[in-house]
Structure formats: structure tokens, C-alpha cells
Amino acid sequence: MFRRKLTALDYHNPDVFDCTDETQYRNCIVWLEDQKIRHYKIEDRGNLRNIPSSDWPKAYQKYLQDVNCPFGDQERKEALDWLLGLAVRYEYGDNVEKYKNCQPLAANSDKTADPLINLDGNSPDFKAGVMALANILKIQRHDDYLVMLKAIRILIQERLSPEAITKASQNKEGVPVALDKHVLGFDTGDATLNEAAQILRLLHIEELRELQTKINEAIVAVQAIIADPKTDHRLGKVGR
């Protein structure tokens, strides 16, 4: 998830970087401070550079506080992603003339662009945005934020599109029903009560039909998610 930013910063071997490896993680933090961020004076970087020390987590926590990082040392991925973003900003600021004329990569016109390819599903900003939308739209939380985003898209397309809003705002006209053609199944002994019971029974049947329709839609939605395999676009492979 960090490869693109590490590559932009000319980090050595960005393709094999593993943030779960403690040594690699610490080395990366020290490299960012030494080469890109440079928040501390050189003589003040001793504790952070002492990677084998058991006190390194304390030095790292203090460093995060000193650079005003919104994440703590327990949120390793989020903190590293934030530091990488800070380093990219500093790198651009130091080399404005070098980067200001860079052209974006041309899209391959022969392939249909997938808008999810370039999304960083582990980015704190992405997660916060998806959660905010899910809360507004009352969508159930899911561990996979891309699945939540897909659910948000489906809801917007089906319920909040101009066509859906227009259809929902239209008044539904009732259809005349001859009550004498529908058998109630029991007799209350009062003609008026019998008629009221017939009406309630027909309304109940209509509600059951609407419920069955919603159940069918839910089943189709679940099947669509289950049938959609995880895709790793970087590897060009489909499957877990």
C-alpha cells in the first residue's frame, strides 16, 4: 500500500518493503527523517536512529507528537502513511521547478478504466470518507471498506438517482377491489366488521408481497458480493 509513495521518494527497494517487519519499519522511519522530513537537527536524531534500542518506541512516539502526526505509534500503518505524505509534500516543496511540469500518465484507451484500481483502501482519509457516507446513508458497517463503498454506490444509484427520486415522489393510485369476490375465511357476525377484516387482510397480503420483493433484492445483492472475487490489480490475478 506504500509502494507508490516510497517510489516517488526514491526509497530503496519499495516493492519489497514490509511494514510488519519491525526492522524494516524502523529503518524506513529513520530514512524519512534523515532524508526527507528533517524535522530534528542532526544532533537530536540519536534516539530515533538507535533502532535496536528497547526505548525506540518511546522515541518514535515523541517524534510523532513533535511533527504533529494525528496518529500514535500503535497505529503503525496510518502513522507511516501520514509521514510518507508529509515527506512527499516536503520533497515537492524542495523541488518545485523539477515537478511542476510533470505530465500525468496517459490512460490506456483500449482498456476500460476501473475507478477502484488507484484507490488506497487502507488510507485513513479513504476510510474516514467511507465511514462518513455510510453513517449518513445508514449503511451497515463492514470490515472491507471497498465493499462498503460498493454498497454506497448501489444505494445512490437505486434510491438517490434523479429517476429513482421522481419515481418515489409519484402518487400511487389504488386499484378498485370487489370485496365480495374475496373469501374472508371466518365470520364475525357483523357485516361491517367482515368488510373491515377483508380490507385488513388484503392490505396485509400487499405488505407481504413488498417484503418478499425486498428479501429477493437482498438475496441478489448478497450473491453479487459473494460472487465478486478479490482482485489484486497489481499482480494481475483474480482470487484470494
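User: What lies 2.9 Å from a polar atom of the side chain of Arg 45?

Analyst: In this predicted model, the backbone oxygen of Tyr 40 lies 2.9 Å from a polar atom of the Arg 45 side chain.

User: Where is Arg 45 found, and is it buried or exposed?

Analyst: Arg 45 is found in the loop between helix H2 (22–37) and helix H3 (46–49), and it counts as buried because its relative accessible area is 6%, under the 20% cut-off.

User: Which residues does Arg 45 touch, leaving out those up to four places away in sequence?

Analyst: Arg 45 touches Glu 33, Asp 34, Arg 38 and Tyr 40 on that count.

User: Switching to H8, which of its residues are buried?

Analyst: The buried residues of H8 are Tyr 145, Val 147, Met 148 and Ile 152, and they sit on the same side of the helix because they cover an arc of only 155 degrees around the axis.

User: And which exposed residues are on the face turned away from that buried side?

Analyst: That face of H8 carries the exposed residues Gln 157 and Glu 158.

User: What about the start of H8?

Analyst: There, a side-chain oxygen of Asp 144 reaches to within 2.9 Å of the backbone nitrogen of Leu 146.

User: How far apart are the end C-alpha atoms of H8?

Analyst: They are 21 Å apart, which agrees with the 21 Å that the 15 residues of H8 (residues 145–159) should span at 1.5 Å a residue.

User: How many helices and strands are there in the protein?

Analyst: The protein has ten helices and two strands, and buried residues make up 25% of its 240 residues.

How values were computed. Residues are numbered from 1 along each chain as its sequence is written. This is a predicted model: local features need pLDDT of at least 70, side-chain atom pairs count only at pLDDT 80 or more; totals for chains, interfaces and linings use all residues. Side-chain values use heavy atoms; hydrogens and water are left out. Helices (H or I, at least four residues) and strands (E, at least two) are DSSP runs, numbered from the N terminus. Buried means under 20% relative accessible area, exposed over 50%, partly exposed in between (1.4 Å probe, protein chains only). A polar contact is a pair of N or O atoms within 3.5 Å; within protein, one must be able to donate a hydrogen and the other to accept it, and residues adjacent in sequence count only if both atoms are side-chain atoms. Contact means heavy atoms within 4.5 Å. The expected span of a helix is 1.5 Å times one less than its number of residues. The arc is that of the directions from the helix axis to the C-beta atoms.
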